[in-house]
Amino acid sequence: MKKQLKEKGFNIDKQMSLGLRRAIYVDDTSKRFAISKGKNLKVYNYSDLLGFELNEDGGSVTQGRGLATLAGGLAFGTAGAVVAAMGKRKNTGICTDLSVNIFLNDLQDSNLLVKFIAKPMKKKGLNYQAVQKQSMELITLLTYIDNQN
């Protein structure tokens, strides 16, 4: 993928793996990002990011460009936005779904779903903590891209 990106004049300033077959790459100089899915690669302008949403067990935890996170985001940055958006939720100790929806200005691929958890996982376990950290890193990266518009 890196070779394909360089051939397109893409300078990789940051990259992040999104599981085994996906990754996101950022070229901050030219305000572009790329998402790979298997052998497919698509390059987008920062302005093509329409929004994003972190979902846990069927509920939205945080949204990009959403009003639910505004107060927490203003007061405490990205981490505050996530906490503010959580609200009261039933805590079962098990997570069955953790995913990020990325909404793009692309007629063919307008919604990209990145799943971090595919089977039930204990929230106190190290595996859950690792995937939760990875999902928050993606949200932070998407927030950065969103704020550059």
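Is Asp-27 buried or exposed in this structure? Asp-27 counts as buried, because its relative accessibility is 1%; buried means under 20% relative accessible area, exposed over 50%, and partly exposed in between, with a 1.4 Å probe and protein chains only.

Before I continue, a word on the source. This is a predicted model, in which local features need pLDDT of at least 70 and side-chain atom pairs count only at pLDDT 80 or more, while totals for chains, interfaces and linings use all residues. Residues are numbered from 1 along each chain as its sequence is written, and side-chain values use heavy atoms, with hydrogens and water left out.

Asp-27 forms a salt bridge with Arg-32, and their closest N and O atoms are 3.7 Å apart. The term denotes a side-chain nitrogen of Lys or Arg within 4 Å of a carboxyl oxygen of Asp or Glu. Arg-32 is buried as well, at 17% relative accessibility. The structure holds 6 salt bridges.

I turn now to Lys-42. Its side chain meets that of Asp-106 in a salt bridge at 2.9 Å, N to O. Asp-106 sits in the loop between β8 (98–104) and β9, whereas Lys-42 is in strand β4 (residues 40–45), 64 residues apart; strands here are DSSP runs (E, at least two residues), numbered from the N terminus. Lys-42 also forms a salt bridge with Asp-109, with the closest N and O atoms 3.5 Å apart. Asp-109 lies in the loop between β8 and β9, so this pair ties together parts that are 67 residues apart in sequence. Through shared partners, Lys-42, Asp-106 and Asp-109 join into one network. Asp-106 is buried at 15%, while Lys-42 is partly exposed at 29%.

Technical notes: Helix = DSSP H or I, 4+ residues; strand = E, 2+ residues; numbered from the N terminus.
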